[in-house]
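User: I've got this model open and I'd like to talk it through. Can you take my questions one by one?

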Amino acid sequence: MRCPNRLKHFVWRIAHNSLALSCNLKRSGMDINRRCHVCRRLDEDGGHLFFKCKNVKQVWREMHLEEIRQGLAGLQSAIGVVEQLLDLDHRLQLKVLFLLNNWWHERNKIREVDQRRGASEIAYLSNWRAEEIIQLRVEKQSVPTSATQQKWRRPAQGFVKINVDGAFDLSTREGRWRYVIRDEEGSVIQTGAGKLEHVFDPMHVELSACIRGVRAAAERGIGQIILETDALQVKQAVGDMGFHLAVLRSLIHELKEMLHDEFISSSIEHVPRDCNQVVHGLAVLGASCSAGSNFIMMGAPDCILDVVASNLAGSQV
Ligand SMILES: [Zn+2]
């Protein structure tokens, strides 16, 4: 199982029935109320708390994992549940494990201080943590060994390249998007940066950055584009909608439609962070923008001139 040790330990506790569930405590002779702390209706055992309680069902639904929940809810033993968890595909496995673990913490919080979060917040956190781990692993694996692959490359003749990037601040739920559009010579045609509020997760900002960059190219009447992002999830989502939350699905749909309808030729590429340096250089601009007032410039601002020049020095088609 490739996941953080905290989760491995948690799975171990599920397998050995050693979570301090009311039914387990009662069995060990403690005189306690067996009711579920969350819904206060039925007896609390693992099957109820994690799969059947009406409150937890909502979290499973929000994460689009209902089918998996039903499969697990029908199992008779904790070992059976763990075996099924181990059989899941890695991405789903991480999501389910974070869901179960976050739900366990939620249950403890309710029991101790009677404090609750919404189902969507727990779903969001679980999803985000799982995607973060997947993304980190992919970045580690995809670091190319040859020096040439680590540099930005000019697009083929007749194409323009759009590099995009998004940054997300979990504490404020704010996001910064940036894009740089360059032609086949490597000259900067247009630059954009801005701020988003009420951001759902990192993927939300990445998708917004893609949409802004692609829309800007479409508005300029550009016919052939290559969109480059260092977020693999975006490339994957455009290929296959997967298990994304509703709010992201509409953005993915918008991006797909634009790529398909507005250009003669379009593609989306995942590149290592080093190839995307030019948009990281725009961080200063995004930071000074207030929400709603975007920075758009024909050509390149001073803060990225050095990166543009060094990209050109080492860039070949
Ligand atoms: Zn319950």
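Analyst: Helices (H or I, at least four residues) and strands (E, at least two) are DSSP runs, numbered from the N terminus. This is a predicted model, where local features need pLDDT of at least 70, side-chain atom pairs count only at pLDDT 80 or more, and totals for chains, interfaces and linings use all residues. Residues are numbered from 1 along each chain as its sequence is written.

User: Which residue is the bridge partner of W177 in β3?

Analyst: Start with the two strands: β2 (residues 174–182) and β3 (residues 188–196) run antiparallel and are joined by eight bridges. Within β3, W177 is bridged to G194.

User: In what order do the six strands of the open sheet come?

Analyst: The pairing in this sheet is mixed. Its edge strands, each pairing on one side only, are β5 (265–270) and β6 (295–298). Reading across, the order is β5-β4-β1-β2-β3-β6.

User: Helix α9 lies across several strands; at about what angle does it run to β1?

Analyst: Angles here run from 0 to 180 degrees between N-to-C directions, with axes being lines fitted to C-alpha atoms, for helices over the stretch in contact. Helix α9 (residues 202–219) lies across β1 (160–169), β2, β3 and β4 (224–229). Its angle to β1 is about 150°.

User: How far apart are the C-alpha centres of domain 1 and domain 2?

Analyst: Domain bounds come from an automatic or database domain assignment. Here that gives domain 1 (5–141) and domain 2 (150–313). Seven residues from domain 1 and eight residues from domain 2 make the contact, where contact is C-beta atoms, placed from the backbone, within 7 Å. The C-alpha centres lie 36 Å apart.

User: Which residues touch the most other members of the largest nonpolar core?

Analyst: A nonpolar core is a set of buried Ala, Val, Leu, Ile, Met, Phe, Trp, Tyr and Cys residues joined through C-beta atoms within 7 Å. Buried means 20 or more other C-beta atoms within 10 Å, exposed 12 or fewer, and partly exposed in between, with C-beta atoms placed from the backbone. Of the 68 residues in the largest core, the two that touch the most other members are L99 and I162. Domain 1 (5–141) and domain 2 (150–313) both give residues to this core, so it lies between them.

User: Where is D114 found?

Analyst: D114 has phi near 50°, a positive value in a residue other than glycine. It is exposed, with 8 other C-beta atoms within 10 Å. Its place is the loop between α7 (90–113) and α8 (119–141).

User: And where is R173 found?

Analyst: R173 isn't a glycine either, yet its phi is positive, at about 60°. With 14 other C-beta atoms within 10 Å, R173 is partly exposed. It is found in the loop between β1 and β2.

Technical notes
Two residues are in contact if their C-beta atoms, placed from the backbone, lie within 7 Å. Two strands pair if DSSP finds at least two bridges between them.
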